[in-house]
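Please look over the sequence and the structure below before reading the notes.

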Amino acid sequence: MNRIARIGLILVGILLIIIIIAGVMGVVAVRRPFPTTDGTIALNGLTDSVEVYRDEFGIPHIYAQNEADLFFAQGYVTAQDRFWQMEFWRHTGQGRISEIVGEATVDTDKFIRTLGWNRSAAITAAYYEKEEPAYYAILEAYSAGVNAYIEENRDNISINQTILELVGEPWEIEPWTAEHTVAWGMVMAYDLSGREMTSEIRRANLIKEFGEANIATWMPFYPYENRPVIAPTDELTSELPDETKQSGAETTGYVNWDNVNLDIIGQAPAIFGDGPFVGSNNWVVSGEHTASGLPLLANDPHLGIQMPSIWYEVGLHAPGWDVTGFSFAGVPGVVIGHNKNIAWAVTNSGTNVMDLFIEKVNPSNPNQYEYMGAWQEMEIIPETIKVNGGEDVTIDVRITRHGPIMNEVVDDVSDVLAAKWTADQPSRVLQSIILLNQSENYDDFREALRYWDIPSQNVVYADVEGNIAYQLPGLTPIRKNGDGLVPVPGWTGEYEWEGWVPYEELPAVLNPEKGYIVTANHAIVDEEYPYFITGYFANGDRGERIDELIQEAIADGKVTANDFARIQFDSKSLTAESYVPLLENLSSDDSQVQAAIERLRGWDLQERRDSVPAALFEIFFMHLAQNVLQDDVGEEFLNQIAGSNAGLVFFHALADEPNAVWWDDVTTPEAETRDAIILQSLADAIAWFEENVGGDMNDWTWGSIHTATFPSSPLGASGIGPIEAMVNRGPFPVDGGRNIVNAIAWSWDEPAAVNWIPSMRMIVDMSDLDASQAINPTGQSGHPYHQHYDDMIPLWVNGEYHPMLWSRETVEAAAADVLVLQPVGNE
């Protein structure tokens, strides 16, 4: 062998050794933060030993001898699995993301600090400390457990921390506090209600562009004539007033939108993705209709796709405590689940709890605004944003009687917008959750929800006595005028909030005659209800379909948990039900279009990942919306109108109106017909597949384009392939779609990548709690490459579940790991 060859072999050998060493070091770095889940750990702060049983999926059941140790252990165990998520979330909740990420998130922090999540969290924490010390003690015990974990692992939190500190500056891992926990409540409150701010601005821009009449046509209100209502007035058990208290009438005709600054400061955060709001499903069926004779209850909240899951499963057991279900990383107690007596489930109500007020600024003093003919002083609060690797950024938050001004530029030219939000009040949601966890009956349940301030939710209920119920909790404003759909004049005093709808008068239903209750973000009340809840509910497709499936199950015999599972995974498109019949008498000389027509005619309307018709229909409908409305509204506004919940109401009605003017393309000399637009849209869909997928029509399955990738924050959006591959998981071909019970949704902006999902699925059997079942989309762990980081994904994708363990006997029998936490000195 010559010398050059020998040198080459030596270099290859050295390179292989370097690769092996790097690989070993990488494995060590990734695995180093993995927690100890078996054996014994001694911790300062405990008074007695605590046992933690984890099943094959890593779901912990915690058994403590007193309440303080129970919540200490919950904090510690949750931090073991999810502290990186908790770390990022607390920075999000306080508008401090830039302390970790750097300049890229300064605009997001500006928005959060202006709206005041951090200030609201401080107010809420102070409320608990002063007014409710028993609940503050729970927050403190939970924090102590998290801090015990931090002390053990401060420099060993997560591979995410390691990577971020390689590319940026290290940041301090602070002690966990009660304020960090309640800040997460602000995040969820915004995600489930604060988007009304962008909705109001969007609607104002649309009215400015097209006029109120057109927007009313293209974005109609709820179709009461053909979609269900959750709590009809004649079923309510609420104590209703004798007369209507507010009309919800929109009376803002004299606003000159050209004078209003509609540009908001910074960047509204896409906390769980920036897709369309698709809501959630829950329902409960009484024992009258079930095989067991006791109720069944189901829930699948829909939130933005992420890694790890937003939910953390846990069981909590101690004297006075016996509850299991789903919590958030960083929050004590169980948010959704059951105890030995009751079960509860939630969906977003859509209650309008935020208004934008137009403020006139004094041309001579930008720190004054007009109210009732006089100049008022604004409160000025400086907020300093620390930036990893950069200079601090300081903003002055100006606050009027209505709330913080949300515009960055405050000058003497334009009127500005102030945000009034129910989250400005101290939030008592944690108190509500703790009371729910310990409720023994319907009266306890209803009293617990009295404290559920924000975000307002649809809560369904079941108990072991056979009762089923519904309650809308939450602070619901009574408006002097207006409907919260667009910004209103703040200087006149005519649109002020005049208090809250009394809790006793909020919608409530107990044991309805039909024997079941369904909520899917559709209309809560009918038009007879005396208070204004919101202008827009979800379009009602999911509510209609679930109602239909429950009625079918009842007609077929006694309802079982298998029926519930089938309903949760139902992927029928009611949009397709409106449009596929229109193909019956159509034909085309284009062989590809004709082939598509024939496939769609034989389709069962289920959007399954192996279905070619499902893919054809979704891309067809996307192009149909473009061909119907783009000539009227332009490309810029098309998705805002046609892609909205209300836009689908318009398109459902349009299917039955062959002579509607909207079928005509006003940019052409011909008068297009409904049939012509449908055929053109099919041709456009085929062209889209040929360009974006390729192959032949047999390759165009729904799963070839409808895929779920679970992104981790913030590294999952770094743009660096190897790092994204380390922390993200996917893509996975999936069933479901937009406005479908199996609400695995996507946006027309990026067909058909998933951005919103059922963030968990749960079915509770009140006759045998050990027979209950659930699934998280990803896994219990937040540590990449841990066995429980992604082990639930296959089950979730396929509509399967794991046992939702309950009794101690069952928990112990299923235990894969047993961890004993002991006070220091008791080893």
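The model is predicted: local features need pLDDT of at least 70, side-chain atom pairs count only at pLDDT 80 or more, and totals for chains, interfaces and linings use all residues. Residues are numbered from 1 along each chain as its sequence is written, and side-chain values use heavy atoms, with hydrogens and water left out.

**Helix contact**

- Helix 6 (residues 133-153) and helix 11 (residues 429-437) pack at about 90 degrees, with their axes 10 Å apart.
- Helix 6 is therefore roughly perpendicular to helix 11 (the term covers 65 to 115 degrees).
- Tyr135, Ile138 and Leu139 of helix 6 meet Leu430, Gln431, Ile434 and Leu435 of helix 11 (contact means heavy atoms within 4.5 Å).

**Aromatic pairs**

- The structure holds 38 aromatic pairs (Phe, Tyr or Trp rings, the six-membered one for Trp, with centres within 6.5 Å; planes under 30 degrees apart are stacked, over 60 edge-to-face, the rest tilted).
- Trp117 and Tyr190 form a tilted pair, with ring centres 5.3 Å apart and planes at 50 degrees.
- Trp117 lies in helix 5 (residues 117-131) and Tyr190 in helix 8 (residues 178-194), 73 residues apart.
- Both Trp117 and Tyr190 are buried (under 20% relative accessible area, with a 1.4 Å probe and protein chains only).
- Tyr127 and Tyr128 pair edge-to-face, 5.3 Å centre to centre with 65 degrees between the planes.
- Tyr127 is buried at 17% relative accessibility, and Tyr128 is buried at 0%.

**Charges over rings**

- The charged end of Lys360 sits over the ring of Trp491, 4.3 Å from its centre (NZ of Lys or CZ of Arg within 6 Å of the ring centre and within 35 degrees of the ring normal).
- Lys514 lies over the face of Tyr516, 4.9 Å from the ring centre.

Note on methods. Axes fitted to C-alpha atoms, helices over the stretch in contact; angles between N-to-C directions. Helix = DSSP H or I, 4+ residues; strand = E, 2+ residues; numbered from the N terminus. Parallel < 35°, antiparallel > 145°, perpendicular 65-115°, else oblique. Buried < 20%, exposed > 50% of the residue type's maximum accessible area, 1.4 Å probe, protein only.
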